[in-house]
Amino acid sequence: MQFFSGSTSTESSLLPAAPPGTGAGGPGNNAHMLYIFNRAGVCLLYREWNRPLRTLDPQQDHKLMFGLLFSLRSFTAKIDPTTAEKGNLGVPLLPGQGCSFYSFKTNTYQLNFMETPSGIKLILITHSRTGDQREALKYIYNLYVEYVVKNPLYVPSTPIQCDLFTKNLDQYVRTLI
Amino acid sequence: MYVWHFHCLFICCFNMLLVNLNWKDYGSAGRMDTNDSLRLASLWHSMHAISQQLSPTTGCNGIDLLRADTFDLHCFQSLTGTKFFVICEPSAPYMELLLKVIYELYTDYVLKNPFYEMEMPIRCELFDLNLSQVVQKDRVALLAR
């Protein structure tokens, strides 16, 4: 897989080896929430581990998150100082087109973002001081591929309801530092 | 001697009520005209506000750092809501300090200038002069602080 150059699964193993995460998995989970959207904006999964404050109802929250990411991607593609030829602001971008951001940080949280070539967007919100979570997002994407996409009972573009997936996801997230 | 670790630097400051944009471009491939820069600044302002809404805990002050493939964007918000942001190379050091220094220059050379009208584009020579100095030469001074 050229997209995930070198770091993840080979043909023979079912799941890739987990990237080094030495957390003991006790209380005080570092990850707050996880969102998975498909390319049309349908929220496939929203998982919450630690969220003291909810400002909006779930539907509005998902729409706001998707909208923020859409705008941020247009913004980064346009403001990119290294390419001279850029499209107009507001034109929908294909996955992989233009410069994309992978993380932003505020004083209370850090949002880590990954978009796959098929348009699946993974958003992991963690504590503000965590490091680069790109490897973690790739691992979660592989979990998605193994337990959701390869599940014959799963209908694409519908919310995910696979127990194995959520169980493995929770287990993995607990090991994140 | 040190070489400043960014290949380009945009400095933009604007406040909450009006997009009073001062955009300085210190050398890059991707230059843009005034309309585009105004649009981007407004977009940034809204996204900064939305990111506060999406916080899982209280007390969020908006985006401080945005990391992308080819650049980083550091943002500083003053107590009055005026936002300064700088675009630099990935992992360029001392950008937070730079933003604070620029804020000091802004208060000294722009706000204390009796001929400067609020909410208008900044046309103060001393500000521009000091800004280019800080950006290009005073790396050692920043390190010492």
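Of the 177 residues in chain A, 46% are buried. The values given here come from a predicted model. Chain A contains 3 helices and 5 strands, arranged along the sequence as β-β-α-β-β-β-α-α. Among contacts in chain A with a separation of 6 or more, 53% join residues 24 or more positions apart.

**The interface**

The contact between the chains draws on 38 residues from chain A and 38 residues from chain B. Of the area that chain A buries against chain B, 20% comes from A:Phe75, A:Ile79 and A:Pro81, more than from any other three residues. Together, chain A and chain B bury about 3400 Å², with 69% of it on carbon and sulfur atoms.

Polar contact links 13 residue pairs across the interface of chain A and chain B, both residues being at pLDDT 80 or more. On the side of chain A that touches chain B, at least two residues each come from β1 (31-37), α1 (58-79), β3 (101-106) and β4 (109-115) of chain A. The most is given by α1(A), with 10 residues. Sorted by class, that side of chain A has 19 nonpolar, 13 polar and 6 charged residues.

Strands also pair across the two chains: β3(A) runs antiparallel to strand β3 (residues 63-68) of chain B, over 5 bridges. Within this pairing, A:Lys105 has B:Leu65 in β3(B) as its bridge partner.

Helix α1 of chain A includes A:Thr76. A:Thr76 counts as buried because its relative accessibility is 0%. Its side chain reaches the backbone oxygen of A:Arg73 at 3.1 Å. Leaving aside residues up to four places away in sequence, A:Thr76 touches A:Cys99, A:Ser100 and A:Phe101 as well as B:Leu66, B:Ala68 and B:Phe71.

**Salt bridges**

The whole structure has 11 salt bridges over all chains, and 1 salt bridge is found across the interface of chain A and chain B.

| Pair | Closest N to O distance |
|---|---|
| A:Asp170 and A:Arg47 | 2.7 Å |
| A:Lys138 and A:Glu135 | 3.9 Å |

A:Asp170 and A:Arg47 form a salt bridge within chain A. A:Asp170 lies in helix α3 (residues 163-174) and A:Arg47 in strand β2 (residues 43-48) of chain A, so the pair ties together parts 123 residues apart in sequence. A:Asp170 is buried, with a relative accessible area of 15%, whereas A:Arg47 is partly exposed, with 26%.

A:Lys138 and A:Glu135 both belong to helix α2 (residues 134-149) of chain A and are 3 residues apart, about one turn of the helix. Here A:Lys138 is buried, with a relative accessible area of 18%, and A:Glu135 is partly exposed, with 38%. Elsewhere, salt bridges that share partners join A:Arg73, A:Glu115 and A:Lys121 into one network.

**A residue in chain B**

B:Phe76 is part of strand β4 (residues 72-77) of chain B. It is buried, with a relative accessible area of 18%. Not counting residues up to four places away in sequence, B:Phe76 touches B:Thr82, B:Lys83, B:Phe84, B:Leu99, B:Lys100 and B:Tyr103. From B:Phe76 to B:Glu117, 41 residues apart in sequence, the C-alpha to C-alpha distance is 22 Å.

Conventions:
Residues are numbered from 1 along each chain as its sequence is written. Chains are lettered from A and ligands numbered from 1 in the order in which they are written. This is a predicted model: local features need pLDDT of at least 70, side-chain atom pairs count only at pLDDT 80 or more; totals for chains, interfaces and linings use all residues. Side-chain values use heavy atoms; hydrogens and water are left out. Contact means heavy atoms within 4.5 Å. Buried area is the accessible area (1.4 Å probe) that two parts lose on being put together, summed over both. A salt bridge is a side-chain nitrogen of Lys or Arg within 4 Å of a carboxyl oxygen of Asp or Glu. A polar contact is a pair of N or O atoms within 3.5 Å; within protein, one must be able to donate a hydrogen and the other to accept it, and residues adjacent in sequence count only if both atoms are side-chain atoms. Helices (H or I, at least four residues) and strands (E, at least two) are DSSP runs, numbered from the N terminus. Ala, Val, Leu, Ile, Met, Phe, Trp, Tyr, Cys and Pro count as nonpolar, Asp, Glu, Lys and Arg as charged, and the others, Gly among them, as polar. Two strands pair if DSSP finds at least two bridges between them. Buried means under 20% relative accessible area, exposed over 50%, partly exposed in between (1.4 Å probe, protein chains only).
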